[in-house]
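Here's a quick tour of a few spots worth a look.

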Amino acid sequence: MTSELDIFVGNTTLIDEDGLWVGGTVSDAVALRVRSGILEQTGATAAVLQSDTMDHYRTFHMLERLLHAPPKLLHQLIFQIPPSRQALLIERYYAFDEAFVREVLGKKLSKGTKKDLDDISPKTGITLKSCRRQFDNFKRVFKVVEEMRGSLVDNIQQHFLLSDRLARDYAAIVFFANNRFETGKKKLQYLSFGDFAFCAELMIQNWTLGAVGEAPTDPDSQMDDMDMDLDKEFLQDLKELKVLVADKDLLDLHKSLVCTALRGKLGVFSEMEANFKNLSRGLVNVAAKLTHNKDVRDLFVDLVEKFVEPCRSDHWPLNDVRLFLNQYSASVHSLDGFRHQALWDRYMGTLRGCLLRLYHD
Amino acid sequence: MPGKLKVKIVAGRHLPVMDRASDLTDAFVEVKFGNTTFKTDVYLKSLNPQWNSEWFKFEVDDEDLQDEPLQITVLDHDTYSANDAIGKVYIDIDPLLYSEAATVISGWFPIYDTIHGIRGEINVVVKVDLFNDLNRFRQSSCGVKFFCTTSIPKCYRAVIIHGFVEELVVNEDPEYQWIDRIRTPRASNEARQRLISLMSGELQRKIGLKVLEMRGNAVVGYLQCFDLEGESGLVVRAIGTACTLDKLSSPAAFLPACNSPSKDMKEIPFNEDPNPNTHSSGPSTPLKNQTYSFSPSKSYSRQSSSSDTDLSLTPKTGMGSGSAGKEGGPFKALLRQQTQSALEQRGGSPHRFCRRREFPFFTLTAFPPGFLVHVGGVVSARSVKLLDRIHNPAFVGIMGNTRSYKLLDWNSFNSDEPETRDAWWAEIRQEIKSHAKALGCHAVVGYSESTSICEEVCILSASGTAAVLNPRFLQDGTVEGCLEQRLEENLPIGCGFCHIPYDELNMPFPAHLTYCYNCRKQKVPDVLFTTIDLPTDAAVIGKGCLIQARLCRLKKKAQAEANATAISNLLPFMEYEVHTQLMNKLKLKGMNALFGLRIQITVGENMLMGLASATGVYLAALPTPGGIQIAGKTPNDGSYEQHISHMQKKINDTIAKNKELYEINPPEISEEIIGSPIPEPRQRSRLLRSQSESSDEVTELDLSHGKKDAFVLEIDDTDAMEDVHSLLTDVPPPSGFYSCNTEIMPGINNWTSEIQMFTSVRVIRLSSLNLTNQALNKNFNDLCENLLKSLYFKLRSMIPCCLCHVNFTVSLPEDELIQVTVTAVAITFDKNQALQTTKTHVEKSLQRASTDNEELLQFPLELCSDSLPSHPFPPAKATSVDYSSFADRCSSWIELIKLKAQTIRRGSIKTTVTVEKASPMGEGNFRNRSAPPCANSTVGVVKMTPLSFIPGAKITKYLGIINMFFIRETTSLREEGGVSGFLHAFIAEVFAMVRAHVAALGGNAVVSYIMKQCVFMENPNKNQAQCLINVSGDAVVFVRESDLEVVPTQQPTANCQPLCTEGEVTT
């Protein structure tokens, strides 16, 4: 007796909460479910589980086409799915694995990268099917919002109906892919996707074209807003900051201002005093180099090399880093000879946030 | 010219890409009604065309309005080659033809193609202007309302229940026409779909005429089926119950407001007879009929049964209510005699009634209080017929590969006239009628008819419940008065229907009578089988459960008469076995009555399948069922004895467990205390289980001695062992689950609002060719049990819940294939309240029955659910606790996002600020809709249920019947995910199309939904499959009871809202 055909169709489409259908084969999913102890909980047989899993896979297979453009899922008539389940479906489908996203973050979402998935899958322990889905999701979102004006997060939310949190993550992924930031170097391995996403958000808020101009909520002023690209003019201007390290007087004054303010407040004061010029040179040089695309890509490598690693080797506590960066940024306002205060704030405000996030073991 | 049909094509969306080069489509629409066709302009290069056409007007007879469907075809314009069809929409405009139903059909319809499935959607508006018809010889029956619901619809009152109406129409099947050889599968499928639609329309119109003739205004319990007889044609037949219904003045009084002013203009005064002098001569409508029937000279019919071979070829069995209620052939003579005497003894009103109507049948399964006086038992009849056979050896099947073999010779095509089929059914109905009379009953309720066809053999079946009815409802007012009063006074509440209608001294079959355990005045049988729903006022102890008897019998492959004879010979044994199984299982559950009994016998090439489903209950009025005793035939063997006693223990344990599970703890009433006459000791019946003997042994019942209350199973061969085993292998549903095949689950009366209707289909391939009956039985049993287990697993998130109206259908599509289709609805209930109420349920129902008699025909379902306000967001409730918060969160933001998405579609860029501006308006929209709050912005939720009610809600309006027939075919089966993928997608599409039609009528639910046919054929070698599905139900508007209480005044707008706004919101 073999089952030729076995289906279950509900007027309300049943969506499995565990969302196992998003990756792997049916037998993988069945094995996973068996391990979850569902058979013992429900007293069901393996055959029942197999049949149920097949139903979910079939449903998913039919829904997948719609999930490529989630608004379609809302307007279609074939599957009656309660809104909460629609949200769940979309959320599950667009969910990604930390391990996977770290592999492709900052890479061009091209065919070449797609070929790498064959290597990424065994490396991360994520099934190839799941890898492909995640990669295709990244690429699809990228393609849709690439040429779009307006807030990146809003665009993603509108076209993919993602939750706020997931939409922000995708904004970061798209932003990184667009600017091709290097994240795969060995010294960057300690950083999580969350660290990068945090930085991406700060950069989108402050360093892109969308960041200049009026309030971002005013629809009329958004015509030139582009969240994807860094503000080229701003990057050009950053060269002007070089004076802070090139002018020896200015550098000394800056150092003394910082040291005076922090004396007695830092546990690592002496190390800071000794390293000040190196650190300052590092931070300012990073800024000055951002005119070149190649250097933009290496932003995170540079930040880690020039700032995070020296501090870490001297065992700066995080709080001392914070105090130092605050003072380091603020003291520039007292440098009379320095004329680019606004530019400095735009640069350092974001960088300070990023560095604090990047500074951990 | 009594009607003007107006159609407007608004827009399309999600169309498929028809031009590969541009990835776009140049779509236009053809609107066809009868022979008139209109076209829209071509909307160039868009997948979301906005035609916004003018109103296309068709001036037509109302006869055509009833018969013809509106046919909308979406095409892709092609300058150089033929235009490609994208798909079609058939719209049945019947709901627009009677007042009180829908006034407009407007909404998004899925565009359906029989090869590709749903391909986008189209927004259509349809209206009808009807003029009053003064022609007294008209053939139309506009204004007669149709309901699939097998009880008096919720917002109506039955003035008179007239009785049985039936009709059938026959045509040749387009699939078998010579032209099918040269046309595409698509064209063939569409021809079939259109033909069935036409035939359904014609059938409905003819039934309507009969109703008007009877001076009724509605058909309740309308059941339409089609028989695919293959080459001998296509039969569409329908039965129903003619009634005169009165709209109940609703307490909330919002319904009149709901009717738009234009509505009043087309109102037909059908409460008075619109046509007092109709001279229509019943079914033979001269002009129209010719189109579909064949000239008698060509028709040729051969029936396997002649009058003298009647018994052997057409076994018609009446199943009584007794534990051995089984009449074989010889019994029949006795029966006939009793028929006479019973009738003579009765007389009075029932007799009068019988003379009035040819067949006193009622397709209803639930009745107004006081309608049902006594129930006799199940009556059924079956007949094996030979369909016309064409001598065409090349014919193999219906699949595509055989198309090329079909006959070119048009003249050799034979078809029976409708009269032949009519005669067949008349014969069966006559049989049923006489069975009912034998049971001392003048009427049959819960009546249904079905067929099973395999090649040229056809089994016709009919069954129902013999009953004595209160004549008050059956005839026009005046006479009723005192008679009715007397009847009701005599009727003890809650047990009256159990009292035997037949004469104690002249019992039609050996049954064991006792005095009613409820009133102690009348006699009741020990077991009661019925095809109806449990009467609402019945006193029940504990809960009910689904009981199934399953049986397979191998049969030699044979041709024509030999085949029919073989089947006829097998049938009585099958009936007997099924009955025995049912009885055993019922006793094993510790129950004493079956409701909603459906016995389906399916015929295949090399086997017969029997599947009986019913809901077992413990009726307080009936005696406690005895246990089951096992007796061995070889008493000397020690180990054997041990085995027997082991089995016996197991059975006893199961009975005890079941009693606990279903909370069956009848009060111990000592007979002496009551002081009623001591019931005569009940006798044991021993069923001899030898297979070799013919049916006369069955009647040879041992009535003389034995222990009281015992039901003995003799294990004399492996066969019987098998049966005992199978008894014990039926696993009870997991805790938190209950199941029944009736409308109401006895013992559960606090439904919460979450419902999930589903269809599940399984096909198994039997492994070996040399199967035995036992192996076959086991396979079939496993199939059904596994299917049920799967359902319980799938619906586990709804616990505690009950599967209601579980409807199994078996078919044998090929030699080694068994297909089981299940449709049911899972309804959640409140467990805590269930515990409290079950204790008082009996008393409660008694009280209710006594008070409800005044307030007629309102089923006390509201009573069950109004105690708890329905949950505003059902899906969240079903999920586990930690998940629900997530769900809520998701839903709130997704609704916000939806508004964003929508505005984006309009072309403007949205930001947070404007979204906030827009949202109050959007929310307002939600609030104004009658659909539940979880409805999203464009697609309203449409509930579907096989029940006649929606828990926690009140049906405020019936919009008309939905009766749809679809064919889906594929030549790329593997690419569509194999047979499972293909059928899964198709059923989902059928649901979608039903929902879309209901939504377009302005409704938000389908009640009494039924999938009448699901014929699936595959040819994996050719990568092909084909499926035909026929569904029906009543489109309704319902309002949540919680909403009713809060804002009763706001509701009128709410009801009309979906109608008018649907189009605007979405474009």
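Two strands count as paired if DSSP finds at least two bridges between them. Helices (H or I, at least four residues) and strands (E, at least two) are DSSP runs numbered from the N terminus. Bear in mind that this is a predicted model: local features need pLDDT of at least 70, side-chain atom pairs count only at pLDDT 80 or more, and totals for chains, interfaces and linings use all residues. Residues are numbered from 1 along each chain as its sequence is written, chains are lettered from A and ligands numbered from 1 in the order in which they are written, and side-chain values use heavy atoms, with hydrogens and water left out.

**The four-stranded sheet in chain B**
- Four strands make an open sheet with mixed pairing, in the order β29-β31-β32-β30 (chain B).
- β29 (943–944) and β30 (953–970) of chain B sit at the edges with a single partner strand each, so one side of each has no neighbour in the sheet.
- β30(B) pairs with β32 (residues 1024–1040) of chain B in the antiparallel sense, over 16 bridges.
- Within that pairing, B:F966 has B:I1029 in β32(B) as its bridge partner.

**Strand β2 and its partners**
- Buried means under 20% relative accessible area, exposed means over 50%, and partly exposed is in between (1.4 Å probe, protein chains only).
- Five of the seven residues of β2 (residues 27–33) of chain B are buried, so the rest of the structure largely encloses this strand.
- β2(B) runs antiparallel to β5 (residues 70–76) of chain B, joined by six bridges, and B:F28 has B:L75 as its bridge partner in β5(B).
- Four bridges join β2(B) to β3 (residues 36–39) of chain B, again antiparallel, with B:V31 opposite B:F38.
- The hairpin of β2(B) and β3(B) has two residues between the strands, and B:G34 takes a positive phi near 60 degrees there.

**A buried glutamate**
- B:E743 lies in the loop between β25 (737–739) and β26 (751–765) of chain B.
- B:E743 is buried but has no salt bridge, and its nearest side chain of opposite charge, B:K154, is 5.5 Å away. A salt bridge here needs a side-chain nitrogen of Lys or Arg within 4 Å of a carboxyl oxygen of Asp or Glu.
- Leaving out residues up to four places away in sequence, B:E743 touches several residues, including B:D533, B:H805 and B:F949.

- B:I799 and B:P800 are joined by a cis peptide bond, with omega about -5 degrees; B:P800 is in the loop between α16 (773–794) and β27 (801–811) of chain B.
- A:L161 has a positive phi near 55 degrees despite not being glycine, and is buried with a relative accessible area of 0%.
- B:E455, another non-glycine residue, has a positive phi near 50 degrees, and counts as partly exposed at 44% relative accessibility.

Key
Lys and Arg count as positive and Asp and Glu as negative; His and the chain ends are not counted. Contact means heavy atoms within 4.5 Å.
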